[in-house]
Amino acid sequence: MGESTPVRGANGRGAGSSGASPIPAVRMVEVTKRFPGVLANDAVSFEAAPGEVHALLGENGAGKTTLSNILTGLYRPDEGQIELFGEAVHFHSPRDALDAGICMVHQHFRLVEPFTVAENVVLGDHRSEGKSFFVHSPAIERRVAELGEQYGLGVHPRSRIWQLSVGEQQRVEILKALYREARILIMDEPTAVLTPQEAEALFVTLRAMAEEGKTVIFISHKLHEVTAVADRVTVLRGGRTVETVMASDATQRSLAALMVGREVDLGRSPERKQKPSGDVVLELDGVRVPGDRGGEALKGVALVLRSGEIVAVAGVAGNGQRELAETISGMRASSAGTIRVGARELHPGDPRDAIKAGVAHIPEDRLGTGLAPSLSISRNAAFKTYRTAPISWGPFLAVKRMAELARSLIKRYDVKAPGPETPARNLSGGNLQKLMLGREFHGDPKVLIAAQPTRGLDVGAIETVHGFLRDAASNGVAVLLISEDLDEILALADRVVVMYEGAIVGELDAASATVEELGYLMAGGEAR
Amino acid sequence: MIRLERRLDQPKWLSVAVPVGSLIAAFAIMAVILAVTGHAPGHTYRQMLEAGFTGNGAFSATLLSATPILFTGLAAAAAFRMQLFNIGAEGQLYLGAVGASWIALKLGDGDAGSTPLYVLAMCVAAGVMGALWALIPGVLRAFANTNEIITSLMLNYVAGFLITYLIFDSSSYWRDVSTLQAQSFPQGKPMPAGAEWPTFGSSVVVPLGFLIGLGVAASLWMLYSRTRFGFEVSVIADSPRAARYAGMRTRRKILAVMAISGGIAGIGGASQIGDFTHTLDPTGLQGAAFGYTGIVVAALARYNPFAVCLVAVLLGGLQNAGFTLQGPDFPSGLVGVMQGIILFCALGGELLIRYRVTISRRARARADTGSAAEPAR
């Protein structure tokens, strides 16, 4: 990765002037948004000045996207206030936000493929040209060409979207915002789809827009980009604002520390003794897995887990951790390499085989993968055991025994639910997690893969989940903990492996590892 | 300004209240149309009630009309429950009729004799044919991920051409070529006497097909709510990813559910042959469009097999009343309009189950002016 060339003006103009601006372009005060089971934004506040590139930095799940969806009128906040240029606004739909001059460039573009650039630009615009029944192409095309020249967004107004590269499509999205004379532009992870050169060009454009007094809100979890383009950085973690800092005062390391949050040192469990040395339970050797967007998600991963130990996988989201969990649990097929549980080699891409071998899996996506949202607790509780005797007899289900199992899990794992027939989606995140942990432990697993087991949970539930994981390990289960929360990793794990771009780039003893060291490896730094 | 908001949870009572409300709304809208076209709505509805349900022999006729749509309704419900949109009950029913009439003709008049044997053979042949026909879109969906709505729908036309060909454009096994009249006016061979399905009851005559349909409904309920198979289907329907996570074999389920759905529609075809036409009648089958009505039945019943039985009788009565009502001053088109409105209201009602309608006055202006009067939500 390394340091990118800062494209900010050599004098650091933006940073200086924006801090002093009296009326912020955007001001969000104590904005809270809850979803069933998740507190996505918890009293988030931040402000961005006109003429500023303001970065929202945070890991996946930190609440960046929810925040921008509130700002663009897609969601309504449960609490809190939004002010634009000093005036309170209440958006009832995305249209209201557009009218107020807020445009957003989403990660996945909102373009009509068969239409031309000019047509896409004018689409949905209900002023002047956009208002008329006919699309006055020449006038719009001229304006689009002009804007493109002015901001370095070269793309022919008559090209059709499907003919354009991804980078060019992004330019069309920005042109759309410029054409509508947006005062505030939100870019959601804009560089995820770009080559480094395209990203550099984008930064120049964003700076040019800021020079003109527009506000650019730049959402990212990549440190080097944030330091390269932003004037100020607001760091979000777990749905809360951590701090707003001047980009010029910040280093990648200091931002990383804010992002992963080291001040809440939960402390390592004191009674954790020397490394347990049980039998090898899980063994991965040279595992390669194709990625969803081409390329390889796992590039020859080798990993050994012993019974009774907790091994944590640290890494910035999208570096193959998710694929690792899915591959071991059989949801994703590997293209090469072997996975062994005990002496048994797993069939690649066969979840049932993994379940039989004793692999329990707490997926990242609780509702939708780990649990079926509209089905009852009792049905969800039977996911792994419905094939065998107490729950089914021959082809039939023992519905009463299913309910009994659910009731016993509810009681034993303290799941707060009205009863076994409650649909899973009515449970809070913490209770979903307890239900799922209860179900997975019920099958007496040999290996437990827990992917982001505490993401979005409140403190009490986090403690419970941590307790379960420790208990599992002391009962001889090999636990693979995948987490982006470094405190959690350091509090729970015996060993930490760091993943970067689909490979394991380092392994540390949790007892001696530090957040700084992990953060450095996670960002692609060389192991020291 | 009217807005739709997604419901976070769907109360149980809604799944009863909404379909009933949809029906009431449909009748209310129809009343306006009747009034506009110069028919007194009250009088017409009374007539319909009598012709469809309360009149002498009316209920027997209604059960006759209800039988085929009971089968196609169950076929649709069986597939829709797994979010597998088999629109092909129409064609699967044709193929079922082809299979049933073939086996009945094969068994012939001879000593085979006993009706139960005919019924069993016809149902099996029809079920197999319907299932095979439904497996074409099923296999395509399972292995090539094609859209089963399109493929099953298109196969309906293929099936239609096939039965037309069997009777009109060829001297196939099914075509009656025994007399000169039959040669110039193509028609199917009459079924042997043993292949006529019995009826039950005297004041209300219940065709055997209807009873078989009730049995199928009960088995379907059993299958979907009390077996491992049904459990897997419900998980796949709710979240295919969760099903994969739990190690369920989605492809096999797609094939099985399509086969079950097609098989049920096929048995509907056997019932057509055994209960009513006693010959393969392409024109009548294609004109009736049982398969498409079955989709309406399943939608109104919210895919519940028992509710399908009720709705089938209700719509059967409506159809039957339509036949009685239609005449010089009551165009048959009005009956079609009625059915269309019911479907429209039923599908509109679905929206109300998933979304809540909220009405608020002029919301837009506030965003522009930033009025502080609006309480934060």
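The legends below describe close-up views of a predicted model. Residues are numbered from 1 along each chain as its sequence is written, while chains are lettered from A and ligands numbered from 1 in the order in which they are written. In this predicted model, local features need pLDDT of at least 70 and side-chain atom pairs count only at pLDDT 80 or more, whereas totals for chains, interfaces and linings use all residues.

**View 1. Chain A as a whole.** Chain A has 18 helices and 22 strands; these are DSSP runs numbered from the N terminus, with helices being H or I of at least four residues and strands being E of at least two. Of its 528 residues, 50% are buried. A residue counts as buried if 20 or more other C-beta atoms lie within 10 Å of its own, as exposed if 12 or fewer do, and as partly exposed in between, with C-beta atoms placed from the backbone. Among contacts in chain A with a separation of 6 or more, 68% involve residues 24 or more positions apart; a contact means that the C-beta atoms, placed from the backbone, lie within 7 Å.

**View 2. A six-stranded open sheet in chain A.** The strand order is S16-S19-S20-S13-S21-S22, and the pairing is mixed; two strands pair if DSSP finds at least two bridges between them. Strands S16 (359-362) and S22 (503-509) of chain A stand at the edges with a single partner strand each, so one side of each has no neighbour in the sheet. From one strand to the next, the twist averages 20°.

**View 3. Strand S21 of chain A and its partners.** Five of the six residues of S21(A) are buried, so the rest of the structure largely encloses this strand. S13(A) and S21(A) run parallel and are joined by four bridges, and A:Ala314 stands opposite A:Val498 in S21(A). S21 (residues 495-500) and S22(A) pair in the antiparallel sense over six bridges. Within S22(A), A:Ile504 is the bridge partner of A:Met499, and A:Glu507 is that of A:Val497. The hairpin of S21(A) and S22(A) has two residues between the strands, and A:Glu501 takes a positive phi near 50° there.

**View 4. Two helices lying across strands of the sheet.** Helix H11 (residues 321-328) of chain A lies across S13 (310-314), S16, S19 (447-451), S20 (478-482) and S21, and runs at about 150° to S19(A). Helix H18 (residues 515-522) of chain A lies across S13, S21 and S22, at about 30° to S21(A). Axes are lines fitted to C-alpha atoms, for helices over the stretch in contact, and angles run from 0 to 180 degrees between N-to-C directions.

**View 5. Strand S11 of chain A between two antiparallel pairings.** S11 (residues 280-290) is joined to S12 (residues 296-306) of chain A by eight bridges, and the two run antiparallel. A:Pro290 has A:Glu296 in S12(A) as its bridge partner. S11(A) also pairs in the antiparallel sense with S14 (residues 336-341) of chain A, over five bridges. In S14(A), A:Arg340 is the bridge partner of A:Glu283.

**View 6. Chain B and its helix H14.** Chain B contains 16 helices and four strands, and 46% of its 377 residues count as buried. Helix H14 (residues 305-325) of chain B has 21 residues and should span 30 Å at 1.5 Å a residue, which agrees with the 30 Å between its end C-alpha atoms; the expected span is 1.5 Å times one less than the number of residues. H14(B) is mostly covered, with 15 of its 21 residues buried.
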